[in-house]
Structures are given as C-alpha cells and as structure tokens.
Amino acid sequence: MYKVIRLKRGKDESLKRFHPWVFSGAIASIEEGISEGDVVRVITHSGDFIAIGHYQEGSIAVRVLSFSDVTIDADFWYSRLRSALHMRQAIGVADNTQNNTYRLVHGEGDHLPGLIIDVYGQTVVMQAHSVGMHICRKAIAQAIVIVMESRISHIYYKSETTLPFMTADDMNGFLVGGSEDNIATENGLKFRVDWLKGQKTGFFVDQRENRSLLEKFAKYKRVLNMFCYTGGFSFYAMRGGAELVHSVDSSAKAIELTKQNVELNFPDDPRHEAFCEDAFRFLESIGKPISNSQQPTASYNLIILDPPAFAKHRGALHNALKGYTRLNQKAFEKIEKGGILFTFSCSQVVTKDHFRNAVFTAAALAKRKVRILHQLHQPADHPINIYHPEGEYLKGLVLYVE
C-alpha cells in the first residue's frame, strides 16, 4: 500500500479539474517515511482518494500519474505507452517510411508527467524530469521494448542535465542494446543525433512541421538560420531551393553537427556556410564590410530566429521579453524588404500574447510594416493535456516584412 499525502481543506479543486500537479502549499500532512520519487496516494482533507503520483521535494510536490486508485506496475507502464504509440500511429507519425523520428511520450500531454521519450530510428532516447521517473526507468524501458516490438533495438537514458541535483553514475547510458549508429530520418532528410552530449534528447523534434513549412518558402531565398543548433531549418531550406543558407550558432559543437547534417543531405553543396558566432554580433554585422575586406556581408530575405528558452521560470519573464524584443528588432532592421521572418519562443512561461507583444514592439521600434502569415506551435506528437495548459510551450510567427 502506498503512503499518503493529505491536502489542506479546499485545496483539491484543481485535482477535481484533473490538473496533474499538486503544489507543496496545498499539502496539510505527509505520512512519515515518504522519500523523493516514491509513489504516493493523495487524499482530500476529509480522507477521500483523489490521485496517485510521484512525490518530489519542491514547488510541484506530486506529479499525478492517475486519478484512479491503481497500482503503478508493469501493466500500468505498458498501457500508457501503448496508448501513446496508438496516438502517433493515428496521426501518421509512427510507422512512416519517410520519417522515423518522433516523440513517443510528451510528459503531461501523455499522462506521464516527468517523462520524455523520443524515437530516432532504431534508438529510443528516454529522459526523466522527476525523481520518480528516474527510479522507474528500468521498468519503463522494459515496457517500451514490449510496446515498440521490432520498431526499436536500443534505449538510451539521458537525464544528467534534467536531474542535475542527483549524482548517481547511471544518469546517462544504454538501458537496452547499444548503438553508435546515430543517423535518423525526418521527412526524407537525414541527420545525426547527438544523444550523448547534445541538448534535449539530441535533436529538436518539436520543429519538424515548422521546418517543413519553411521549406515551402525557401525557393530562391537567401536564408539566415540563427541559433541553428544542428542545422534542421538549414537543410530543409536547401531542399526547398534556397539560393544560399548561412547557419549561425555560438556553439562550436553545434556548428560541427550542422556541417555534418548538411553534408549528409547535400554533399559538397556550395550554397551553405556555417558561422560560430554570437547571434547579436552576427546580426549587427549584416550589410557591413567584413574585417580586412571591402565586401559587405550577405543580405537575407528569409531569417529564422529559434533561440533557446530566454525564461525558464516566472522570475525571468521580464528580462526574457526584453530579450525577445531586442532580438526581433535587430532582425526586422536587417531583413530585406519583402523578406520573411520565422521567429519562435520555447519558453513555457512566455505566453502567446507575451510573445506577440514582444514581436509587435520590435516591429514598431524597427519602423517596419509587418503582416502575420502563420501562427506556429508544437506538433501533434507533443500533445497538450487539455487540463494542463502549461504544456503549450512552443509558439512562433511567420511574418512578411515590408
């Protein structure tokens, strides 16, 4: 029998609306002997069962696994993972011969808070964002093997950066199999996945559909891909017929991966060049002579701004919005007349209205006429639990700049 956490009087309303988090301030008492990562039963002040989930110290004290009084065992993990796979099959992402890259589990969006699972060909990369999921990693891996059958052969666990306060030696490494083949396919394009040292699980799966949209705009364009990471937008732009593509990132490792990915798809293609440079410094240099040369740098009529999260908590929101405004203003100032700007925020605490207001302010400061062509978001394999609006983190705009 799982140990019990009792809520304060009146603090069960959000759980009655199926919100999957219990905040520490809502808790009246914690049964003696509960440790971080334990499965606990949550009861109302009057003693009625309301949820079961993983306990963790901090603001979010319980991440709810079920609103039914079930046992968290092999059958539970199998059922949840099977449901996740069925949804990906229904939307045409899984079992697609042109695409073996997708997100199998997206935390709260798949009723498994604290767990991320991405599929890259024959390799699954699993990441825990809670101690409870870390403790359950081997049971989850066993369920993945059963559910995925012959679709996968390897499971790599990568949680060193998502649970930095834990010092166990087994935060990263293969739980099943072991492979050095890190080439996957997305919409017919190949890329290398750095699941060992790369960001997230090794690739930004959430931009797949937005990359496809960019491809449709790229013909004859001079493209600048800022914060390129491993170059996803760059090689889509090249397939779309771009005249030239410049990829920029401050990380030398990211630039090396970008070069490798471009070479995988477009070997020896002279249209692409990569720059290891600070984003603001590079944007400022556009149109100005390069050192020791009278030739100005290239001008661009298609720019992608896909920066890392500027705000990872609410306390950073104000400075983050200033950062988005400054970044977009510089892009508006530099993009050619009639150019197209793809601009994004992946900060969860930055709402769609926050982001649009920051971009609106940037356009006004740059004194450019701007029209919204598309409003972008995360793809369907990154679903949003309707009871958990916080899961809507990726937002973007495609803008026509006069």
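This is a tour of a predicted model, stop by stop, with what to select at each one.

Residues are numbered from 1 along each chain as its sequence is written. Local features need pLDDT of at least 70 and side-chain atom pairs count only at pLDDT 80 or more, while totals for chains, interfaces and linings use all residues, and side-chain values use heavy atoms, with hydrogens and water left out.

**Stop 1: the largest nonpolar core**

Select Trp77, Leu81, Leu104, Ile117, Ile140 and Ile144. These have the most contacts inside the largest nonpolar core, which has 34 residues. A nonpolar core is a set of buried Ala, Val, Leu, Ile, Met, Phe, Trp, Tyr and Cys residues joined through side-chain atoms within 4.5 Å. Buried means under 20% relative accessible area, exposed over 50%, and partly exposed in between (1.4 Å probe, protein chains only).

Two or more residues of this core come from each of α2 (74-90), β7 (101-106), β8 (115-120), β9 (123-128), α4 (137-148) and β10 (154-158). Helices (H or I, at least four residues) and strands (E, at least two) are DSSP runs, numbered from the N terminus. Helix α4 gives the most, six residues.

Now centre on Ile117. Beyond its neighbours within four places in sequence, Ile117 is in contact with residues including Leu81, Leu104, Val124, Ile140 and Ile144; contact means heavy atoms within 4.5 Å. Another core lies apart from this one, with 33 residues, among them Ala218, Phe233, Met238 and Ile340.

**Stop 2: Arg137**

Stay in helix α4 and pick Arg137. Arg137 is buried, at 10% relative accessibility. Leaving aside neighbours within four places in sequence, its contacts are Met126, Tyr157, Asp170 and Leu175.

**Stop 3: aromatic pairs**

The model has 13 aromatic pairs. Rings of Phe, Tyr and Trp (its six-membered ring) pair if their centres lie within 6.5 Å; planes under 30 degrees apart count as stacked, over 60 as edge-to-face and the rest as tilted.

Select Phe18 and Phe67, an edge-to-face pair with 5.2 Å centre to centre and 80° between the planes. Phe18 is in the loop between α1 (13-16) and β2 (21-23) and Phe67 in the loop between β6 (60-66) and α2, so the pair ties together parts 49 residues apart in sequence. Phe18 is partly exposed at 36% relative accessible area, and Phe67 is partly exposed at 27%.

Next select Phe191 and Phe203. Their ring centres are 3.8 Å apart and their planes at 15°, so this pair is stacked. Phe191 sits in strand β13 (residues 189-192) and Phe203 in the loop between β13 and α5 (208-217), 12 residues apart. Both Phe191 and Phe203 are buried.

**Stop 4: helix α5**

Seven of the 10 residues of α5 are buried, so this helix is largely enclosed by the rest of the structure. Among the buried ones are Arg208, Arg211, Leu214 and Phe217.

**Stop 5: the cavity and a pocket**

On a 1 Å grid over the protein atoms alone, a cavity is a set of points where a 1.4 Å probe fits but cannot get out, and a pocket is an open set with protein on both sides within 12 Å along at least five of seven lines; lining residues have an atom within 4 Å of a point. A volume is the space filled by probe spheres set on the points, which are joined across faces, edges and corners.

There is one cavity of 30 Å³ or more. The largest cavity has a volume of about 80 Å³. Select its lining, including Phe203, Arg211, Phe227, Phe233 and Asp306.

Finish at the second largest pocket, about 310 Å³. Of its 20 lining residues, Gln199, Phe227, Asp306, Pro307 and Pro308 are the closest to its centre.
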